[in-house]
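Please walk me through how the chains of this model meet, in plain terms.

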Protein chains: 2
Amino acid sequence: MPVATLKWRNDALVLIDQTRLPSELVYETCRDVETVARAIEELVVRGAPAIGLAAAYGVVIGARNALESTEVEFSKSVDEAIARLERTRPTAVNLFWALEQMRQVLAQTKGQGNRAICDELLTTANRLFIEDQAICRRMGENGAELLPETGQIITHCNAGGLATADYGTALGVVYAACEQGKKISVFADETRPLLQGSRLTAWELHQSGVEVKVICDNMAATVMRREKIACCIVGSDRIAANGDVANKIGTYGLAIIAKEHGVPFYVVAPVSTLDISLASGDEIPIEERKGEEIRRGMGKLTAPEEVPVYNPAFDVTPHALVSAIVSEKGVARAPFEPTLRAWAAATDRE
Amino acid sequence: MPVATLKWRNDALVLIDQTRLPSELVYETCRDVETVARAIEELVVRGAPAIGLAAAYGVVIGARNALESTEVEFSKSVDEAIARLERTRPTAVNLFWALEQMRQVLAQTKGQGNRAICDELLTTANRLFIEDQAICRRMGENGAELLPETGQIITHCNAGGLATADYGTALGVVYAACEQGKKISVFADETRPLLQGSRLTAWELHQSGVEVKVICDNMAATVMRREKIACCIVGSDRIAANGDVANKIGTYGLAIIAKEHGVPFYVVAPVSTLDISLASGDEIPIEERKGEEIRRGMGKLTAPEEVPVYNPAFDVTPHALVSAIVSEKGVARAPFEPTLRAWAAATDRE
């Protein structure tokens, strides 16, 4: 695991400010709900599992800051914290899943007093954090079996240690394979507009000693044509019951290009990323972000002020383009729905 | 036609410095061969037809600057100018085609004296310029027939007025259609790493009153899925005898994505872009440019210093993915080879 992207320390949530990588490794300390919410909105912390964990700790912070209030006001403050955190980003379901876990704690601890409720919220956030670490390891092991002894892969965005409590989803598979002695090197799509691939994936893989080369998103097709690529591996922000996968914009195009070249396309995500309440990916809400991220993403003006810009943050890859979905429960292949439903049901029972 | 990207004025070649758009409209005046060569290398001027014209005027400049030399030294200077200009960029064949035209002038004017040779070189460069204008118009008319009365298209890189002596190749088709009263709006891929789409295509279409929206390269797949897209239209830097098309990196991926969505994929280029000496696109030399264009393309560091970057400037789209090739001679469809050979032969006879 390259680095701890988020941790609970001295009664505060400490985050790596991912907007400043790779130039600077700077930490931001969050001591109130609004700071956590903005950190999520502004991508100081990002990656579906990490967003969920940050939000869970955000609820803890909201509760602790209301500790001296009346029980009624305390309860109101915590509800407001959850509502604020829910409004940060619409696509990654892990956010809503984590907040739902916190809501269940509130229901179960009703009337036990502010201090006890606070303690239970923190215990739960810590448990989610530790579980995410274990889940990353299990996903890594499950996915590593799909990789050859020696090979090159392509990944998109960042689904690594910077996106989770441990060493990641898609990159967890790479790390696990490398730990098993496999020789895996990675082409990292830079991932416009916010360059999570070139800024974050390249940075953390290099920190961990995994061979990585940065390409622009539009070079993946040429790389697949010219190089032997074992597979593409990506994370996900939400997976519908039929196996349609929402992930960072550009994933869908990459999957089409992989199909054209006969390159397997793997999605790695914890069961908390499943949203089996949605029949298909058409129902997944897609966040549209400010055009300025494209127009002035790296400081300089790169598109005329007067010209409109379209900036969807995610896209949906139809399940027909997905070779396998890897979770902590195993490896699902088409038809995905029975396996995904079984995973979700098994997790609910735990 | 939005703006004159290059012109011969006061015995010098005046270029729009395309590296500074869209922030500033600044002209660079070239009075020696090295300045022209660097302008081509550094993309002050770019676009296959415009590169060819700039190189032709570069030869004129080399000749004029040697006017007072002996005939032997004059001849040597002009040869050196051609050799220097040939070394600027390897992929766009229009460069070599234009320099070959100038070389033929030298052969035909041998012994006529420096002044007469100079005059003939300038006459030829001016002729190529005027022909390129006429060719753009004919390509525009030929291509406009492929567009619906109302529709949206996607283009990649810049194949417009900034890439030619007139209103472009791919964008010429759009301008011609709009002049015919068709309502065409354009999604412009930003085109990493040097952003010719967001910086140049968006700028010139907006200047000309054509509706345009900028997207990142990795959004084209989602746009094709969500919107009704009439076709993709791109230019080319070199087309092999079988119809394989070299063009700006990202074109190949876009063509694959177009096929997946049943969207026609059109290539627009003058006959001077044909290289029927090459059987297929595998033989086209692909320029690889500095990693710094990706790593620090917009000022800020966007990939770790220590991580390698792969930066091919072009890719090759196999002819199977091309719906039609439009030139000043007409519209070619598969099988491309007979038509492309006939176009080349007819042009040689002219």
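Four salt bridges are counted between chain A and chain B in this predicted model. One of the pairs that form a salt bridge is A:Glu190 with B:Arg192, where the closest N and O atoms lie 2.4 Å apart. Polar contacts between chain A and chain B come to 24 residue pairs, with both residues at pLDDT 80 or more.

On the side of chain A that touches chain B, the elements giving two or more residues are α7 (196-207), β6 (212-215), α8 (220-226) and α9 (251-260) of chain A. Of these, α9(A) gives the most, with six residues. By residue type, this side of chain A divides into 29 nonpolar, twelve polar and twelve charged residues.

The extent of the interface can be given in residues and in area. In chain A, 53 residues are in contact with 53 residues of chain B. The area buried between the two chains is about 4600 Å², and carbon and sulfur atoms give 64% of that area. Within chain A, the residues that lose the most area to chain B are A:Asn218, A:Met298 and A:Tyr310, which together account for 16% of what that side buries.

How are the two chains related?

Note on methods
Residues numbered from 1 in each chain as written. Chains lettered and ligands numbered in written order. Predicted model: local features only at pLDDT ≥ 70, side-chain atom pairs only at ≥ 80, totals over all residues. Heavy atoms only, no water. Contact = heavy atoms within 4.5 Å. Buried area = accessible area lost by both parts, 1.4 Å probe. Salt bridge = Lys/Arg side-chain N within 4 Å of Asp/Glu carboxyl O. Polar contact = N/O pair within 3.5 Å; in protein donor to acceptor, adjacent residues only side chain to side chain. Helix = DSSP H or I, 4+ residues; strand = E, 2+ residues; numbered from the N terminus. Nonpolar A, V, L, I, M, F, W, Y, C, P; charged D, E, K, R; others polar.
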